[in-house]
Amino acid sequence: MSLKPMSPTAAPRDKALMLATLALLVWLPLPLGSNQEWSNGLFVLLTALLGGLWGLQKLYPGAAGNSGARQRGSALRKSIKPALPLFVLLVLCQLWVCVQLISGISLDTGASIQYLMLGCAYALLFLLIVGLFHTRSRLTLLLGVLVVSGTVQAFYGSLMTLSGIEWLLSGPKTSYIGTATGTFVNRNHLAGYLEMTLACGIGLLLALRDGRSFRWRHLLELLMGPKARLRLALVIMVIALVMTRSRMGNTAFFASLLIVGGLFVMLNREHRLRNGLILASLILIDVLVISQYFGLEKLKDRLINTQLQDQVVNGEVVSRANEIRDDLYIYAWPQLQQNPLTGSGAGSFEASFQRYPGEEIRAHFDHAHNDYLQFAIEYGAIGMLPLVFFVLGALYHALKALWRRESWYRSGVGFGAAMGIIALMIHSATDFNLQIPANAATFITLCAIAVLANSHSKPRSLE
């Protein structure tokens with residue numbers, strides 16, 4: 001693609017595309033996480049439309065630009081260049097799905113076609129985010145919109161649970177009554193979404209900190225000053241995360257916060273005390289104080305009472321297992337061993353798994369409740385490797401930005417991107433967030449933010 005400088009008339013069109021992309025990201029969680037056929041198709045259609053318009057704008061920018069337009073073109077090329085290898089990896093995965101379809105490997109052709117369309121939309125969204133949000137003010141806007149979207153989901157989910165009036169946008173809730181789900185059907189999917197938006201909020205909070213020497217009044221300004229609205233948004237999202245009662249969702253969030261936060265504090269020696277206190281306040285104030293009144297005890301009980309096996313005494317079952325996902329993994333393993341290299345076809349798990357379960361599996365499972373296992377079964381080693389390298393590449397960019405101690409902003413954004421990626425990777429070991437279009441698209445956006453943390457342009461003149 002030829003990235004020519006934009007003309008003055010191209011800038012408003014570029015901003016219109018940017019706003020439309022933000023609206024798409026906010027829309028995706030609303031119709032049950034976009035996890036229905038019509039919302040799948042709408043996501044693919046809108047992403048293709050936005051990507052096509054953006055591509056046409058870059059190919060045919062119009063009249064020759066001024067010096068500001070040339071600067072914008074240079075900034076865009078700077079952001080696109082490090083993103084291209086990751087984009088190619090996403091494209092390679094979709095090419096493998098085409099091979100699965102053409103060669104007859106796929107055991108569910110219809111599902112594989114649907115996954116191919118979604119995969120192409122994710123790849124295009126990744127390129128679109130990098131191309132549109134390549135300046136600092138736009139990147140800040142992107143992070144802010146994701147935080148607002150997460151806060152709305154958190155407030156809505158918490159309000160439903162506390163009021164007892166539990167409705168999704170499509171009608172009354174029929175499952176997960178008494179726990180926060182937002183506009184998702186499954187509480188674990190709201191938890192996965194909040195993990196990523198919370199990471200964006202924490203990253204933005206750290207990115208916007210100043211470089212003044214530490215004073216206790218500065219910490220009070222952080223908690224009660226102009227950034228108080230951002231802190232309030234984080235509090236609301238933490239409350240909702242606890243109210244989901246999602247065991248791995250909460251574990252993944254706090255584990256990623258401790259992992260990335262510990263690394264962040266260790267790297268920045270000059271402001272180690274200030275950064276440590278900021279992160280400690282997120283845990284102590286949000287969890288030990290606020291969340292104590294919104295179901296933290298119930299979440300703890302659910303974690304303690306998890307039972308994977310029947311408890312047998314003197315040959316009699318005295319307590320039944322209340323978690324069958326481990327049985328699901330055991331029965332899905334032979335399915336993986338049957339086609340470990342080529343897979344059974346993208347999206348084919350639901351159709352192909354039904355012949356494997358034993359008597360312990362009494363429910364119908366359309367997903368493996370383990371993204372790693374499901375990707376391995378469906379895509380095989382050939383199709384899964386590009387995805388693995390894509391995630392590792394994005395995490396590398398995020399940690400590289402985190403390491404840049406000379407830039408408060410870049411290190412903060414890198415913190416948020418790394419935390420969000422690690423949180424969802426931990427959560428993916430026991431759930432299927434990456435099979436839900438809203439969460440998968442948000443994860444792809446986080447990976448694009450990881451690239452932009454290093455490569456975005458700072459000068460205001462580029463806006």
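**Exercises on a predicted model**

Helix 14 supplies eleven residues to the lining of the largest pocket, the largest share from any element. The exercises below concern a predicted model.

**Exercise 1.** Describe the largest pocket by its volume, its lining and the class of its lining residues.

*Solution.* Step one is the volume: the largest pocket holds about 810 Å³ of space. Step two is the lining, which comprises 37 residues, with Tyr115, Phe375, Tyr379, Leu434 and Gln435 the closest to the pocket centre. Step three assigns elements: those giving two or more residues to the lining are helix 2 (37–59), helix 3 (67–102), helix 4 (109–132), helix 13 (349–353), helix 14 (371–402) and helix 16 (437–455). Step four is the class: the lining has 21 nonpolar, ten polar and six charged residues.

**Exercise 2.** Characterise the crossing of helix 9 and helix 15.

*Solution.* Begin with the geometry: the axes of helix 9 (residues 247–267) and helix 15 (residues 408–427) come within 8 Å and cross at roughly 145°. The handedness of this crossing is right-handed. Next, identify the contact residues; among them are Phe253, Leu257 and Phe264 of helix 9, and Phe415, Met419 and Ile422 of helix 15. Finally, sort the contact by class: 13 residues are nonpolar, five are polar and none is charged.

**Exercise 3.** Examine the salt bridge of Arg138 and state which parts of the chain it ties together.

*Solution.* The count of salt bridges in the model is four. Arg138 forms one with Asp14, where the closest N and O atoms are 2.6 Å apart, within the 4 Å cut-off. Arg138 belongs to helix 5 (residues 136–163) and Asp14 to helix 1 (residues 10–27), so the pair ties together parts that lie 124 residues apart in sequence.

Technical notes
Residues are numbered from 1 along each chain as its sequence is written. This is a predicted model: local features need pLDDT of at least 70, side-chain atom pairs count only at pLDDT 80 or more; totals for chains, interfaces and linings use all residues. Side-chain values use heavy atoms; hydrogens and water are left out. On a 1 Å grid over the protein atoms alone, a cavity is a set of points where a 1.4 Å probe fits but cannot get out, and a pocket is an open set with protein on both sides within 12 Å along at least five of seven lines; lining residues have an atom within 4 Å of a point. Grid points are joined across faces, edges and corners, and a volume is the space filled by probe spheres set on the points. Helices (H or I, at least four residues) and strands (E, at least two) are DSSP runs, numbered from the N terminus. Ala, Val, Leu, Ile, Met, Phe, Trp, Tyr, Cys and Pro count as nonpolar, Asp, Glu, Lys and Arg as charged, and the others, Gly among them, as polar. Axes are lines fitted to C-alpha atoms, for helices over the stretch in contact, and angles run from 0 to 180 degrees between N-to-C directions. A crossing is left-handed if the near helix is turned anticlockwise from the far one by less than a right angle, and right-handed if clockwise. Contact means heavy atoms within 4.5 Å. A salt bridge is a side-chain nitrogen of Lys or Arg within 4 Å of a carboxyl oxygen of Asp or Glu.
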